[in-house]
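Thanks for coming, everyone. Please look at the structure as I put it up, and keep it in view while I talk.

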Amino acid sequence: MQLDSLWQFMQVDMEADGFESRMRQSANRQKLIKQRDFLKDQQANMKKLESDVAVMQDRLEAVKDEAARLEKVLEALSQEINDNPPATVEEAQKQSEAVTKLLDSLSRYEHELQKMRKDADTKDRQQKEIRVRAAKTKVEFDQLKVEYDKEFKADTEKLQQMRANTEKEAKKIDPKLLAKYRSIKQHCTPPMAKLINGQCSGCFMSLPSATLLDIRSGEQIVECDNCGRILYDAGE
Ligand SMILES: [Zn+2]
């Protein structure tokens, strides 16, 4: 008798659990989570790009300054050579080497500046693409969120009704038995199984005849040795 009402209770309890789990798996909810994660990723990408650009900007300024300084050195050196032409071959060679070295450095800096400008353009383009993609996703997210909020509100109300119904059914059950049910449910759900052809219908283990006798006597609650479910003899 006790187990009959516990079995009835389990039906509404499982129905409510199933409904709650379907709520969590709702297609709109999954899509919103995906879009939210995407937006977070884009934010992180944007931050990374911004910090890369800041580092590049610093380097760009430093290279520009250094190039300007070298140009002045070169100018001074040219002036010096003009004013005091070299007296010996060695001196001419030394000056020529110095000029070549300066020109080499300037050319290296010029290359680096070109490369940095190209990189800056690329990063600029990437930032624009991210902004466009993120803005598009945000619009979709906001629209879907409105729809999902409605769905969630209705489903939550329905679930609350189901849970209230479950609580009502729970009051009909012996609290000790209910506690046992809940504790089994922690590791095994549904927590009850019908006895069918001498087997536990939860795990399909054949039950020893002593267990079958215990169940049929109806004097105690019998749990399956294998899966731990409360065994229910529906008399089928
Ligand atoms: Zn079992």
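Start in the strands. I196 has Q199 of β2 as its bridge partner. L195 stands opposite C200, also in β2. That pairing of β1 and β2 is antiparallel and runs over two bridges. Two strands count as paired if DSSP finds at least two bridges between them. Strands here are DSSP runs of E with at least two residues; helices are runs of H or I with at least four, and numbering goes from the N terminus.

Before going on, a word on the model. It is predicted: local features need pLDDT of at least 70, side-chain atom pairs count only at pLDDT 80 or more, and totals for chains, interfaces and linings use all residues. Residues are numbered from 1 along each chain as its sequence is written.

Back to the hairpin. β1 and β2 have two residues between them, and N197 takes a positive phi near 50°.

Now the other partner of β1. With β3 the pairing is parallel, over three bridges. There, K194 has Y232 as its bridge partner. Put together, this is an open sheet of three strands, in the order β2-β1-β3, with mixed pairing. Which strands stand at the edges? They are β2 (199-200) and β3; each has a single partner strand, so one side of each is left without a neighbour in the sheet.

Next, the helices. The protein has five helices and three strands. From the N terminus, the order is α-α-α-α-β-β-α-β.

Take α1, residues 2-24. It has 23 residues and reaches 33 Å from first C-alpha to last, close to the 33 Å expected. The expected span is 1.5 Å times one less than the number of residues. Which residues of α1 are buried? They are L3, L6, F9, M10 and D13. Buried means 20 or more other C-beta atoms within 10 Å of the residue's own; exposed means 12 or fewer; partly exposed is in between, with C-beta atoms placed from the backbone. An α-helix has 3.6 residues a turn, so residues three or four places apart point the same way. What do the buried residues of α1 pack against? Their partners are α3 (89-170), α4 (175-185), β1 (192-196) and β3 (230-232).

Compare α5, residues 209-217. Of its nine residues, the number buried is zero, so α5 lies largely in the open. After α5 comes G218, with a positive phi near 65°.

Is D124 buried or exposed? D124 is exposed, with 12 other C-beta atoms within 10 Å. D124 and L49 are 75 residues apart in sequence, yet their C-alpha atoms are 8.7 Å apart in space.

Finally, the whole protein. The C-alpha trace spans about 125 × 45 × 25 Å along its principal axes. The radius of gyration is 40 Å, whereas a compact globule of 236 residues would have one near 18 Å. That radius is taken over C-alpha atoms, and the globule rule is 2.2 Å times the number of residues to the power 0.38. Buried residues make up 8% of the 236.

The domain assignment gives domain 1 (15-170) and domain 2 (175-232). Such bounds come from an automatic or database assignment. The two domain centres, taken over C-alpha atoms, are 60 Å apart.

Key. Contact = placed C-beta atoms within 7 Å.
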